[in-house]
Amino acid sequence: MSALEVRELSKAYGGVQAVRGVSFAVDAGEVVALIGPNGAGKTTCFNMLNGQLRPDSGEIALAGRSVVGLRPHQVWRLGVGRTFQLTATFSSMTVRENVQVALLSHHRRLFSFGKPAARFQVDEADALLARVGIQEQAARPCAVLAYGDLKRVELAVALANRPRLLLMDEPTAGMAPGERQALMQLAAALAGSERIAVLFTEHDMDVVFNFASRIIVLHGGEVIATGAPDEVRANPRVREVYLGNA
Amino acid sequence: MSGSAILLQFLNGLAGASSLFLVAAGLSLIFGVSRIVNFAHGSLYMLGMYLAVSLSGSLGFWASVPLAAILVAGVGALIETGVLRRIYKAPELLQLLATFALVLIIRDAALWTWGAQDRLGPRAPGLAGAVAIAGRQFPQYDLLLICLGPAVFIALHLLLSRTRWGTRVRAASQDREMAAALGVNERRLFTAVFALGALLAGFGGAAAIPREPASLEIDLAVMSDAFVVVVVGGLGSIPGAFLAALLIGEVKAFCIGLGYSELTLAIEFIVMAAVLVLRPWGLLGRPLVETRGPGTSQPPLPAPSFLLLGGLAALLAIVPVFAGPYTIVLLTDILVFALFAASLHFLMGPGGMPSFGHAAYFGLGAYAAGLLVLRAHLPMELALALAPFAAALGALVFGWFCVQLSGVYLAMLTLAFAQIAWSVAFQWDRLTGGSNGLIGVWPAPWLSSKQAYYYLTLVLCLGAVALLWRLIVSPFGYALRAGRDSPLRAEAIGIDVRAQQWAAFGVAGLFAGVGGALYAFSKGSISPEALSVPRSVDGLVMVLLGGVQTLSGPLWGAALFTWLEDSLSRGVEYWRAAIGAVILVLVIAFPRGISK
Amino acid sequence: MNYKILISCLFISVNSNAFGQGQSIKIGELNSYKVFPAFLEPYKKGWQLALEEVNRTGGVLGRQLEVVSRDDSGTPGDAVRVAEELISREQVMVLMGTFASNVGLAVANLAQQRKVVFMAAEPLTDKIVWENGNRYTFRLRPSTYMQVAMLVPEAARLKKKRWAIVVPNYEYGQSAAASFKKLLTGAQPGVEFVAEQAPPLGKIDAGALVQALLEARPDAIFSALFAVDLQKFVREGNTRGLFKNAAVVNLLGGEPEYLDPLKDETPEGWWVTGYPWGEINTPEHSKFRDAYQKRWKDYPRLGSVVGYSALYAVANGIRKAGSLDADKLIAALEGLQMETPFGAILWRPIDHQSTMGAYVGQLAKRGGRGVMVNWHYADGAKVQPSDQEVRALRKE
């Protein structure tokens with residue numbers, strides 16, 4: 001059984017078919033890239049996967065369990081972590097508190113009126129921050145962080161509930177090239193060691209071809225190719241619509 | 001109703017709709033571009049009326065209308081450049097506080113200029129009489145009004161869609177930063193839009209004088225009508241405002257036509273609540289584009305200083321030793337309002353949910369206390385303990401609908417529910433005592449001295465504030481704040497943002513109810529005024545004055561506002577204007593609140 | 001900058017504290033001056049005139065009277081706080097004032113709690129002397145019930161069958177409508193009430209309202225509208241011909257505060273209660289009118305008479321009591337007879353209502369403004385329910 005299985009997913013806005021009959025699967029431990037030119041339907045796909053959008057038709061299953069119609073917070077409980085294209089962190093909180101909130105949610109303490117949240121699971125939060133390499137920034141407010149560091153905070157937050165599926169929307173956008181490689185190495189290592197299925201979208205083709213074990217190419221809302229990096233690279237249709245005439 | 005009666009009421013509704021649209025269009029325009037919730041819009045309308053009435057004496061009615069409108073536009077431009085421009089970068093809703101101050105100032109200025117007597121304007125020369133329609137007499141002037149609404153609508157539409165200036169306005173209302181990046185001169189555009197909005201308000205007022213006398217109370221009535229129309233139509237949508245004006249105008253006319261004029265007390269709010277529940281962005285509105293900029297990135301929340309609270313409590317505890325009895329009475333009021341403001345702050349600050357109808361829960365607590373003592377004959381102590389739960393229950397019922405929305409829509413839905421609650425209290429004579437309210441709600445004998453009651457209030461209010469602060473730093477408070485900072489991220493880590501917000505409504509309602517119950521017993525009576533719009537606005541003013549981004553701000557805001565009102569109303573003739581002036585100065589000097 | 005303002009505020013409160021040391025007798029006055037300025041500015045001038053007269057003639061009990069006046073913001077909650085301030089900080093002996101019924105009732109309730117005599121000058125609600133009446137509260141003006149009762153004989157004389165009712169939607173309007181229906185049905189059995197409208201106070205939609213009344217084809221209308229609502233109602237009614245085929249009886253419609261703004265719209269022939277200030281030439285009224293016009297360069301409104309008489313009631317009560325003790329003052333006020341611009345009145349021991357009446361007459365236009373004609377003074381003593389009924393209402 002795949003960690004994520006998507007069948008015949010479709011979504012239209014008004015008259016525009018953003019996603020049409022998309023099917024694919026991601027297995028545990030696999031790092032899969034979802035690529036395509038702007039407007040190909042990548043973000044729409046992502047938003048359906050974690051429940052932000054409801055598909056018009058099609059099926060999404062996590063380890064065999066359908067998640068269509070669930071809201072994002074319910075999908076998360078089933079083990080789906082996510083990072084956003086434009087980072088979304090809690091700007092009024094410190095880096096550590098951002099992770100602590102995710103841990104509170106993981107431990108189902110969101111309606112606890114007791115012990116102050118800042119004293120909750122400090123060690124676990126710091127361990128997560130250490131894993132993404134920003135433990136020294138733990139006490140800084142998120143509002144003052146550099147963009148690349150915010151991406152790391154997002155990753156730490158996404159890992160807080162030990163996800164089985166990690167969705168990363170443009171995880172390295174806005175980062176320096178060196179940083180990009182480091183972050184993706186981290187994600188790939190996590191996928192391997194913790195058997196997390198990773199699905200990411202990315203514009204940087206170096207990142208895609210270096211780290212993805214498999215690539216799905218979207219164009220006009222449809223899957224036009226899927227396969228190992230070399231296969232995709234050689235696919236004439238992909239070259240035509242995606243890489244231009246090169 | 002006969003066919004001709006229906007026709008005539010339909011025409012009455014159209015005339016009403018036209019005048020509603022004239023005010024609402026300007027408000028919608030201003031909000032669309034600058035995101036300013038302009039409380040003073042009704043005051044500009046009132047100015048238009050007074051100016052037209054005085055000018056028509058020498059210039060005649062027809063010349064006075066455009067002239068009054070232009071003068072009001074000038075006032076609008078002055079307000080924008082003199083006041084609002086200085087605080088565009090301030091936190092959201094602070095402009096609301098500034099425009100509230102302007103309401104107070106303009107009203108007293110009108111009283112000073114035109115005196116207290118209502119002023120009935122002239123009939124419109126040439127259109128003074130009536131025409132026979134379906135065997136009934138229908139005022140000629142109303143026919144003109146019926147045409148005026150659509151005419152202004154078309155003119156606005158052409159202005160916005162066919163001119164370069166209109167394109168800039170539309171660009172700015174869709175995305176301020178983008179428009180600025182495209183080289184739109186924001187400052188000049190904002191001034192022009194505000195002046196145009198004021199022009200429409202002034203024109204609406206001036207055009208109303210053949211139907212309605214100029215009076216000082218018209219400002220808030222018109223303001224609330226205009227808000228309802230704008231929100232029902234969809235913020236920033238002129239066609240929406242037109243549609244909403246039609247809807248509300250007709251519903252009102254037919255309520256009266258069918259003999260249910262009692263319903264008109266709150267009918268527009270009932271319509272608004274229904275529309276917002278079914279269509280969260282109004283009839284023709286679209287989800288608001290998040291404004292990027294200083295307003296959105298929330299600064300870190302300062303840690304609550306329980307030391308400060310303890311020190312304050314200790315200080316207040318020894319006040320009765322050296323202060324006179326009235327100081328204790330005043331401090332009791334201040335403590336109650338501080339708790340009221342703190343409970344509102346819990347929703348607005350960490351919850352990110354501005355409530356324009358927070359008095360509903362204050363009033364529910366007060367009424368529950370009164371009813372439990374007078375009707376259920378419970379001991380006062382028990383009533384005081386139970387009343388807050390009635391308020392919390394009310395907050396949970398209202399909140400369930402409110403948390404489906406966000407931003408100004410949420411705020412307006414809270415206002416609608418508060419108005420509906422108010423009208424129930426106002427009309428349900430047998431239970432609530434109607435407009436007179438409940439009389440004879442005094443504390444138990446052991447608490448009847450001012451000192452004893454003061455200590456009770458001190459303990460309960462500061463205790464409740466401490467609990468609220470504790471809640472803010474609890475996991476629940478963090479999850480709530482997470483939902484405010486980034487609903488997207490919060491949902492993506494398993495936080496059911498709406499559930500969190502809903503619970504926050506219950507909490508805020510509970511504590512507002514404690515305040516309300518304490519208030520009822522301190523006054524000995526309770527009347528619908530306790531859950532009216534002015535009470536809600538007072539709460540907003542206190543929170544914003546103190547600073548929504550702090551914890552102790554609402555307490556200082558409540559203390560300052562209550563004390564100002566008390567001392568100014570005693571010694572100053574035009575004390576409302578004086579309060580307005582103080583608020584204005586504070587807003588400009590401390591845009592983040594006085595406690596920052 | 002703001003600190004300066006705060007400091008000046010402080011000064012104001014200090015200054016007002018410094019006032020009124022010395023030997024004067026303090027009366028605490030509170031009213032909604034900023035909410036109902038049209039009625040209350042003349043009212044203030046009325047009591048100021050009375051105050052000057054009393055003090056010029058030597059004051060009361062050999063001491064000067066002093067009025068400490070406050071704005072109560074028009075809300076019961078604030079009014080109670082203001083009253084507390086007057087009682088505890090200013091140490092006033094008597095409270096006086098209030099306008100809206102809910103404020104009046106709240107202050108009356110406080111007066112009982114704090115055992116201070118309260119002279120409710122304006123509020124019209126029946127409850128302040130009946131259901132919610134208490135030993136410490138006295139009320140000067142004729143109540144809603146009394147004024148309705150004054151108009152009912154005229155209404156019955158019209159011999160109209162089909163009556164429509166329009167009243168503002170709050171306690172005053174509701175009790176006016178209820179009293180009118182009860183009293184008119186008693187006076188003229190078989191009368192029919194064909195329409196009833198209760199629009200919100202200050203916000204009537206006059207066009208739709210007049211239309212709805214027309215559809216009911218009444219041959220007479222009872223209205224309790226006043227102020228802005230009345231002006232809108234009159235103008236729409238004139239334009240749409242509502243008053244052509246229907247006689248109108250309008251509570252308060254002849255009070256200068258509400259009649260004067262109507263000017264040439266004044267509907268002729270309406271029966272109203274009010275105050276024809278220019279035509280009352282009794283010695284006591286002429287004296288008052290001359291003094292008022294001399295002092296204020298303005299003609300008196302009804303509020304002026306109310307403020308003037310209320311202050312005199314307090315002064316006379318203290319004089320008769322010979323003391324400032326609340327119980328003695330109550331005893332003195334009960335049954336007190338005194339002169340007012342409207343003639344002699346009596347303070348009824350049974351419910352602390354004064355017998356001050358009102359003028360009943362018809363509206364007419366003269367020189368582009370409204371006046372009252374065919375008027376007579378309706379004595380408040382003659383429009384009371386039986387003592388039994390009053391006792392039952394007061395639960396005594």
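Student: In this predicted model, which residues of H3(A) are buried?

Tutor: The cut-off is 20 or more other C-beta atoms within 10 Å of a residue's own. Of the 12 residues in H3(A), 11 are buried, so the helix is largely enclosed by the rest of the structure. They are A:Val95, A:Arg96, A:Glu97, A:Asn98, A:Val99, A:Gln100, A:Val101, A:Ala102, A:Leu103, A:Leu104 and A:Ser105.

Student: Which helices do the buried residues of H3(A) pack against?

Tutor: Two partners belong to chain A, and chain B also contributes. The chain A partners are helix H4 (122-132) and helix H5 (147-159). The chain B partner is helix H19 (475-485).

Student: How far does H3(A) reach from its first C-alpha to its last?

Tutor: H3(A) covers residues 95-106, which is 12 residues. At 1.5 Å a residue, 16 Å is expected. The model comes close to that, with a reach of 17 Å.

Student: Which residue just after H3(A) takes a positive phi?

Tutor: Look just past the end of H3(A). The phi there is about 55 degrees. The residue is A:Arg108.

Student: What is the radius of gyration of chain A?

Tutor: Chain A holds 9 helices and 10 strands. Its C-alpha trace spans about 55 × 40 × 35 Å along the principal axes. A compact globule of 246 residues would have a radius near 18 Å. Chain A agrees, at 18 Å.

Student: What percentage of the residues in chain A are buried?

Tutor: Take contacts in chain A between residues at least 6 apart in sequence: 65% of them join residues at least 24 apart. Burial is counted over the 246 residues of the chain. The buried share is 49%.

Student: How does the radius of gyration of chain C compare with the globule rule, and what is its value?

Tutor: Chain C has 13 helices and 14 strands. For 396 residues the globule rule gives 21 Å, and the chain is close to this, so it is as compact as a globular protein of that length. Its C-alpha atoms fill a box of roughly 65 × 60 × 40 Å along the principal axes. The radius of gyration is 21 Å.

Student: What percentage of the residues in chain C are buried?

Tutor: Among contacts in chain C between residues at least 6 apart in sequence, 68% join residues at least 24 apart. Burial is counted over 396 residues. The buried share is 60%.

Student: Which strands of chain C are the edges of the open sheet of 5 strands?

Tutor: The order is E2-E1-E3-E4-E5, with parallel pairing. Neighbouring strands are turned by 20 degrees against each other on average, direction ignored. An edge strand here pairs on one side only. The edges are E2 and strand E5 (137-139).

Student: Which residue of E3(C) is the bridge partner of C:Ile27?

Tutor: Strand E1 (residues 25-31) and strand E3 (residues 94-97) of chain C pair in the parallel sense over 4 bridges. C:Ile27 finds its partner in E3(C). That partner is C:Val94.

Student: At what angle does H4(C) run to E4(C)?

Tutor: H4(C) lies across E3, strand E4 (117-120) and E5 of chain C. The angle to E4(C) is about 165 degrees.

Student: Which residue in E9(C) stands opposite C:Ala220?

Tutor: Strand E8 (residues 220-223) and strand E9 (residues 247-254) of chain C pair in the parallel sense over 4 bridges. The residue opposite C:Ala220 is C:Ala247.

Student: Which chains share the most contacts?

Tutor: Chain A and chain C do not touch; their nearest C-alpha atoms are 30 Å apart. There are 2 pairs of chains in contact. The most contacts are shared by chains B and C.

Student: Which helix gives the largest share of the side of chain C that touches chain B?

Tutor: The contact takes 62 residues from chain C and 66 residues from chain B. On the chain C side, 24 are nonpolar, 22 polar and 16 charged. The largest share is 8 residues, from H3(C).

Key. Residues numbered from 1 in each chain as written. Chains lettered and ligands numbered in written order. Predicted model: local features only at pLDDT ≥ 70, side-chain atom pairs only at ≥ 80, totals over all residues. Contact = placed C-beta atoms within 7 Å. Helix = DSSP H or I, 4+ residues; strand = E, 2+ residues; numbered from the N terminus. Nonpolar A, V, L, I, M, F, W, Y, C, P; charged D, E, K, R; others polar. Pairing = 2+ DSSP bridges. Expected span 1.5 Å × (residues − 1). Rg over C-alpha atoms; globule rule 2.2 N^0.38 Å. Axes fitted to C-alpha atoms, helices over the stretch in contact; angles between N-to-C directions.
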